[in-house]
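Here's a walk through one chain, from its overall make-up down to a few individual residues. Keep the structure open and follow along.

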Amino acid sequence: MQLTDPILVTGATGYVGGRLIPRLLERGYKVRAAGRSLDKLSCRPWAFHPFVELVESDLLDFESVKRAVAGCGAAYYLVHSMNAQKGKYAQADRRSAQNMVEAAKDSSLEQIIYLSGLGERDNEALTPHLKSRHEVEEILASGPVPATSLRAAMILGSGSASFEMLRYLTERLPVMITPKWVHTRCQPISISNIIGYLIGALESEKTRGKTFDIGGPDVLTYKDIIDIYTDEAGLSRRRIIPVPFLSPTLSAYWIHIITPVPASIAQPLAQGLSIPVICREERIKELVPQRLISCREAIRTALERVKQELVETCWSDAGEMVPPEWAFCGDEEYTGGTVLECGYRAEIRASEQEVWSAVSKIGGKTGWYHGNLLWKIRGILDIMAGGGGLRRGRRHSTEILTGDALDFWRVLKAEKPYRLLLLAEMKMPGEALLDIGITPKGPGKI
């Protein structure tokens, strides 16, 4: 593989992919960033780097995968579904992996690198989610291109789903009634070490075609991790009461109610909490040496990033951006149903930049400028109906990018300083858009 060959990164706007790409660029690699939305890709901080090529690709669409793979020297496979409904994630993961293998057959790829999950295959309690991860490993390994699989457990970093679950549960619950999994042993790993191993697997030929367990230096119970968090956050130690009757499904809905992580993601995560996830071998340490960050240091760093609003990527970044069909001009009569519109206009003596400054801060800690109590009630109702409510908040208090999660909305367009288009992701009988437009009317007036 030549340094001039681009490195394909699938899931480029996801939590791990969005952090991997700038590190690859720092090391002089050319990167082909693949995602389902070019608009979303083009809003990433690295999108216009001279060594970056953006490509629209969906791993469920074979032709788009084939186009993305063409001409690349290696590929990072960082896409997996967390939709727990009706087991659809396993089917989607299986088809996506098969498409990658088929696309790689006649390509110039020399390696595929996959981030998988820890968990012993012969464990009878292995969850469907982890079984799916291992199935993807087998599918990728069955092709002619050597596949490297890196198995990780709990990822600690600002914005990760695991860290957000830990943060909200610990900060909001001084007393926790938990299942027995609170005493399950786990080997968490920091996001920095994850990125280090991903790049190391690319640069070490000895990793090709092999599977490695990767973890941090600490083996802890989840109770230990909660205690460490309280210490680093300056909180009093939480009283934890384990009980035998809370099932993973009930745990998932409890997580859904307390944290911003929806039940569809919380359920596969909660199911895996009852299984010890510890590295059985540590060969990777010799092939990819790096300083392993302790659980305490990883939590401390993540808390600092949250406080400083320096969260580079977030678990919610991976949300789909699928505008409803009726949103396209002229399509309303073909989509069926009823389209209802309601609009308001106001003339403001201010520049568009001044108005955009207020519009771009909407939601999160700022709120919605009017009727915040009603918005909160709507958020509570959304949680009761299985939605995420307002708890996702915002990635940043002032910066807003296409693809960002914003309370229970998704940013479809953020065209500074003229337009903010939001797609509703709350539970509701239909679909909804909130379109805020800023139109200059004259000097000092819009």
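## Cysteines and ground rules

Let's start with a cysteine: Cys-342 is exposed, with a relative accessible area of 64%. For accessibility, buried means under 20% relative accessible area, exposed over 50%, and partly exposed in between, using a 1.4 Å probe and protein chains only. Cys-295, on the other hand, counts as buried at 3%.

This is a predicted model, in which local features need pLDDT of at least 70 and side-chain atom pairs count only at pLDDT 80 or more, while totals for chains, interfaces and linings use all residues. Residues are numbered from 1 along each chain as its sequence is written, and side-chain values use heavy atoms, leaving out hydrogens and water.

How many disulfides are there (pairs of cysteine sulfur atoms within 2.5 Å)? The count is 0. Cys-295 is in no disulfide, and the nearest cysteine sulfur, that of Cys-186, is 8.2 Å away.

## The chain as a whole

The chain has 446 residues, and buried ones make up 52% of them. Its secondary structure comes to 15 helices and 17 strands; these are DSSP runs numbered from the N terminus, with helices being H or I of at least four residues and strands E of at least two.

Contact here means heavy atoms within 4.5 Å. Among contacts with a separation of 6 or more, 71% are between residues 24 or more positions apart.

## Two nonpolar cores

A nonpolar core is a set of buried Ala, Val, Leu, Ile, Met, Phe, Trp, Tyr and Cys residues joined through side-chain atoms within 4.5 Å. The largest one has 39 residues, and those touching the most other members are Met-154, Leu-156, Leu-166, Tyr-222, Ile-225, Cys-295 and Ile-299. Helices α6, α8, α9 (248-258), α10 (263-272) and α12 (295-307) each supply at least two residues of this core. A second, separate core of 37 residues includes Val-9, Leu-198, Phe-212 and Val-288.

Zoom in on Leu-166: leaving out residues up to four places away in sequence, Leu-166 touches Met-154, Leu-156, Ile-225, Ile-226, Tyr-229 and Ile-299.

## Helices α6 and α8

Helix α6 (residues 161-172) packs against helix α8 (residues 222-233) at about 70 degrees, with the axes 10 Å apart. The axes are lines fitted to C-alpha atoms, for helices over the stretch in contact, and angles run from 0 to 180 degrees between N-to-C directions. That makes the pair roughly perpendicular, a label that covers 65 to 115 degrees.

On the α6 side, the contact is made by Phe-163, Leu-166, Arg-167, Thr-170 and Glu-171, and on the α8 side by Ile-225, Ile-226, Tyr-229 and Thr-230.

## Ala-103 in α4

Ala-103 lies in helix α4 (residues 88-105) and is buried at 6% relative accessibility. Beyond its neighbours within four places in sequence, Ala-103 contacts Phe-62, Val-65, Lys-66 and Val-69. Phe-62 is 41 residues away along the chain, yet the two C-alpha atoms are separated by 7.2 Å.

## Backbone spots to check

Which peptide bond is cis? The one from Lys-416 to Pro-417, with omega near 0 degrees. Pro-417 sits in the loop between β15 (409-415) and β16 (419-424).

Glu-309 isn't a glycine, but has a positive phi, near 55 degrees. You'll find Glu-309 in the loop between α12 and α13 (332-335), partly exposed at 28%. Asp-407 has a positive phi near 55 degrees too, and belongs to the loop between β14 (405-406) and β15. Asp-407 is buried, with a relative accessible area of 2%.

How values were computed:
Disulfide = S-S within 2.5 Å. Parallel < 35°, antiparallel > 145°, perpendicular 65-115°, else oblique.
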